[in-house]
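Trainee: I have a model open on my screen and would like to walk through it with you. Shall we take it step by step?

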Amino acid sequence: MINFTKCKEIFLETLKENLNSREIENIFFELLFFKMNWERVDYLLNKNQKLNPNEVSFFENSLNKLVENIPIQYITGQTFFCDLLIQVNSKVLIPRPETEELVHLILKSYKEDHPKEVLDVGTGSGCIIIALKKSLYNSNCSALDISKDAISTAKRNAKLNNVDIDFITKDIVNYKNEEKSWDLIVSNPPYIPISNKKYMHANVLENEPSQALFVENEDPLKYYKVISNFGYHHLKKNGKIYFEIHEDFADDVVNLLSINKHFKCTVHKDFQEKNRFIVATKNE
């Protein structure tokens, strides 16, 4: 039987062609925490311990999946988002650090008065609306997605994190609700043109749902048009839309919102200094 030091060496050797040593170590320790509940210090204290057959099987299976470009989050079935445990699977996107920034941007704006009605469009795993509800506890939160599988995952995550959210299985393109208006709409919609696929990692292309990532090259602003139009009709006066955007289309989205939809817009950068978020305030 091998010990944990040897197990780590096998990971480093097997994955070195596609990942650097730091990335491989991070993956190994994430698996170690998932399986053994060990932090790095626990590994250092127990690195010469032999793996039992169940542990050997887990690490072998995980390594085989990593070789096949399956993301670590889909192997463990979970990730952390804004310090919350979020379950993920191949039916929903893996939450990104940039999207955590979007949540923090919203929460900074609502430190005092919580918006009464909040809607998350294209909720996926539910990570955004769940993180918002945890802090905006006085808000009524709703989340919409076209995918039944995504809504099912989001419902499990809401239960896991003990928050009450109204989930709606609808396509925003056709969704109408004449009886309700919102103070805040947030969305991280599909915004990557199909032509950008050639620049993306295989583990994303082969595993994450393309419906949640890509838009047609001919209409990259499709969902911004739909959601801003929905917001124009369903936001209260001075209500806000918070968008995550493609860095190349910031000016286009601002023009769309400012000229056609009567919104006042500000653009915000992410931690990589890329134009990543737009805050649009309804003028009337």
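This is a predicted model: local features need pLDDT of at least 70, side-chain atom pairs count only at pLDDT 80 or more; totals for chains, interfaces and linings use all residues.

Trainee: What is the relative accessible area of Ala143?

Mentor: Look at the surroundings before the number. Beyond its neighbours within four places in sequence, Ala143 is in contact with Leu119, Asp120, Thr123, Ile129, Ile151, Ile165, Asp166, Phe167 and Ile168. Ala143 is buried, and its relative accessible area is 0%.

Trainee: Which strands stand at the edges of the sheet?

Mentor: The sheet is open and mixed in its pairing, with seven strands in the order E5-E4-E3-E6-E9-E11-E10. On average, neighbouring strands are turned by 15° against each other, direction ignored. An edge strand has a single partner, so one side of it is left without a neighbour in the sheet; the two in question are E5 (166-169) and E10 (263-269).

Trainee: Which residue in the hairpin of E10 and E11 takes a positive phi?

Mentor: These two strands run antiparallel and are joined by seven bridges. Within the pair, Val267 stands opposite Ile278 in E11. Five residues lie between the strands of the hairpin, and the one with a positive phi, near 65°, is Glu273.

Trainee: Now the helices: at about what angle to E9 does H10 run?

Mentor: Helix H10 (residues 222-234) has 13 residues and reaches 18 Å from its first C-alpha to its last, close to the 18 Å expected. Its buried residues are Tyr223, Tyr224, Val226, Ile227, Ser228, Phe230, Gly231 and His234. H10 lies across E3, E6 (182-187), E9 (235-244), E10 and E11 (275-282), and its angle to E9 is about 160°.

Trainee: And which strands does helix H8 lie across?

Mentor: H8 covers residues 148-160 and runs at about 170° to E5. The strands that H8 lies across are E4 and E5.

Trainee: Which element gives the most residues to the largest nonpolar core?

Mentor: That core has 36 residues, and Leu132, Ile165 and Tyr242 touch the most other members. The elements giving two or more residues are strand E2 (84-87), helix H6 (97-109), H7, E4, H8, E6 and E11. The one that gives the most, with six residues, is H7.

Trainee: Which cysteine is in contact with Ile165?

Mentor: Leave aside the neighbours of Ile165 within four places in sequence. Its contacts are then Ile129, Ile130, Lys133, Ser142, Ala143, Ala158 and the cysteine you asked about, Cys141.

Trainee: How many disulfides does a search of the whole structure find?

Mentor: A disulfide needs two cysteine sulfur atoms within 2.5 Å. For Cys127 the nearest cysteine sulfur, that of Cys82, is 7.8 Å away, and for Cys141 the nearest, that of Cys127, is 13 Å away. Both are buried, with relative accessible areas of 7% for Cys127 and 5% for Cys141. The number of disulfides found in the whole structure is zero.

Terms used:
Residues are numbered from 1 along each chain as its sequence is written. Side-chain values use heavy atoms; hydrogens and water are left out. Helices (H or I, at least four residues) and strands (E, at least two) are DSSP runs, numbered from the N terminus. The expected span of a helix is 1.5 Å times one less than its number of residues. Buried means under 20% relative accessible area, exposed over 50%, partly exposed in between (1.4 Å probe, protein chains only). Contact means heavy atoms within 4.5 Å. Two strands pair if DSSP finds at least two bridges between them. Axes are lines fitted to C-alpha atoms, for helices over the stretch in contact, and angles run from 0 to 180 degrees between N-to-C directions. A nonpolar core is a set of buried Ala, Val, Leu, Ile, Met, Phe, Trp, Tyr and Cys residues joined through side-chain atoms within 4.5 Å.
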